[in-house]
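Let's take a walk through this structure, starting with its pockets and then moving on to its charged pairs and its surface. Have a look at the model first.

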Amino acid sequence: MDQSLTPLFTALKKHAAGNPVQFHIPGHKKGAGTDPEFREFIGDNALSIDLINIAPLDDLHQPKGVIAQAQNLAAEAFGADYTFFSVQGTSGAIMTMILSVCSPGEKIIVPRNVHKSVMSAIIFSGAKPIFVSPVQDENLGIDHGITTSSLNRALQRHPDAKGVLVINPTYFGVCADLRSIVELAHSYGVPVLVDEAHGVLIHFHEELPMSAMQAGADMAATSVHKLGGSMTQSSVLNVNADTGLINPQRVQTMLSMLTTTSTSYILLASLDTARRHLALNGHDMASRAIALAKYAREAVNELEGLYSFGNEILGTEATFDHDPTKLSIHVRHLGITGWEAENWLREKYNIEVEMSDMYNILCLITPGDTQQTVDKLLSALKVLSAIHYGKGDIYELKVQVPEIPQLALTPRDAFYADTELVPFKESADRIIAEFIYVYPPGIPILLPGEVITQDNIHYILDHVEIGLPVKGPEDRTLTHVKVIVEADPIF
C-alpha cells in the first residue's frame, strides 16, 4: 500500500475547501459560533475540520470509505491484520480488548500492576481477574512485568481463562519476554491482549523491544498520541486474526459500544497523518530519540546522587528488554522524593516531567525532542544534584514496596455491593468498594473487592503526606473510604 497517502485527512481538507453550508453539528459552524478568543488561538483550519460522520467523511462506527482506507493503511504500518482507530484513548481500546473476550464470570489473567482501565473493563464485563504478581524492583521502587514461569503456573491452575493481559513495555520501558509469553498462552488456546500504551515507536526500530504484533499477540492497544505524534486521546487497537482466537467483528461491535457517536475528526485525522509520518520516517524518528536518550542517560549517571537504569538491569525473565527512550531517573540517593524533584524542576526551570513517584521521575525522550531540550534538562539536574547530594544530615530514602492485598470479592460484586463510609485510618481488614491509585501511572494500590491492610493504609498516607496525587475514592480528602457493609449475624 502507498503509505504516503492520508485518505481521511485529504478528504477532510477537500470537504473544508468546498465550504459547504452546514445545517448539522457542531453548532459553531466552522468557528463562526465559537468564542472569539478561542477561535483566534485555535485557528480556522482546525475548526473547519471539526466535523461529524456525514456521508463524504465515512463513519467510525461502520467504516466503508476513507476511514476504512486509513485503518487499512495503519494495519499495514503496524503489522496487524486489522487496525481500529480509537478516539476514547488507549483506555477505550484496552476496555474493548477485554470486553471482546470476557463474559460475566469468566476468568482473565492480568498483572496486579495493570492500569485502572483494565479494572474498569473487568467491572463492566463481570469477569473474574486472576492476578499474577509483577516482579518488584526493591532498589528502584518500581514494578516490572510478569514472568513466563509465573504465567505458566497461572495457566496450569486456570486453563479455562479467556485471555491473558500483558503490559509491554511498562511505564518505565521494561519488557518481559513477550514472544515466549504469547507462545505459552497460545499452547493453552488462550489469546494474549497487550497494553502497549507506551510502545508505539517499538514497531519501527530494531533497537527497540519487540512489538505485540511482531510477537504474535492477538490484540494490542497502542497510544499513538503518547509518543507517535497524534493528538491527545487518539490511539489504535491492532488485531492479529491469524490464530482464530479473536473475532474482529466482535471487536468492532465492542469498540462501537464504548465510543461516542460524535467522533472527533480532528483526532482521527491526526491518527491518519501520524501513521503516515511513522510509516515513512519512523525509523529515523526513533533513531534520533534513541541517540538523545543514550546521551541523556550517560550524562545523568555522571551526576552524583542520580541514577538512570539501562541495559544493565536486563537478563531476568521480567527484564528481558528495555526501551531506552524512557528516561527514568532515580532520586532517592539525594534524600528527596520524585515528587519534590518534579516540583523543583517545574518551579525553577519550567520543565515538566511525565510523572514522579516516591523515588523516581520519568522523562520521555521522543521524536519531538532536540539536543537543546535535553541539555536544558541535564543542566537543571546538575544543579539539583549539587544542591542535595551529601548535604549535612540528608539521608537516602528507604524504598517501600506496597503489599499486594487479598481479593475477597470480584471487583464487579464489590463495586455494586451495599457500602458504607468508614474512617480510612480505621479501615484495616475491611473490603474496599472503590479504587485508590496514584496517577500517573494509574495503577491501583487498592481496587474494589480487596481487603485493606494496615500496610496499605500507611503506604497510601505516606503518598498523601508528601503531596503525590492519590486519586479514586469519592472522598477526595481520603478521610473516609467506601467499604462493603458487613451485616451482623442473626441469631
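A quick word on terms: working on a 1 Å grid over the protein atoms alone, a pocket is an open set of points where a 1.4 Å probe fits, with protein on both sides within 12 Å along at least five of seven lines, and lining residues have an atom within 4 Å of a point. Keep in mind that this is a predicted model, in which local features need pLDDT of at least 70 and side-chain atom pairs count only at pLDDT 80 or more, while totals for chains, interfaces and linings use all residues. Residues are numbered from 1 along each chain as its sequence is written, and side-chain values use heavy atoms, with hydrogens and water left out.

So, what lines the largest pocket? It has 47 lining residues, and Asn113, Tyr171, Val438, Pro441 and Ile443 are the ones nearest its centre. Among the elements giving two or more residues to this lining are helix 5 (89–101), helix 6 (116–125), strand 17 (443–446) and helix 15 (454–466); helices (H or I, at least four residues) and strands (E, at least two) are DSSP runs, numbered from the N terminus. Helix 5 gives the largest share, four residues.

Now for the charges. The structure holds ten salt bridges, each a side-chain nitrogen of Lys or Arg within 4 Å of a carboxyl oxygen of Asp or Glu. One of its partners is Glu420, with the closest N and O atoms 2.6 Å apart. This pair links distant parts of the chain, ten residues apart: Arg430 sits in the loop between strand 15 (419–423) and strand 16 (436–438), and Glu420 in strand 15. Arg430 also meets Glu486 in a salt bridge (3.1 Å, N to O). Here the two residues are 56 apart, Glu486 lying in the segment after strand 19 (480–484).

Is Arg430 buried or exposed? Arg430 is buried, because its relative accessible area is 16%, and buried means under 20%, exposed over 50% and partly exposed in between (1.4 Å probe, protein chains only). Glu420, at 32%, counts as partly exposed, and so does Glu486, at 47%.

Elsewhere, Asp323 and Lys326 meet in a salt bridge of 2.5 Å, N to O, and both residues are buried. Salt bridges also link Glu342, Arg346 and Glu352 in a network.
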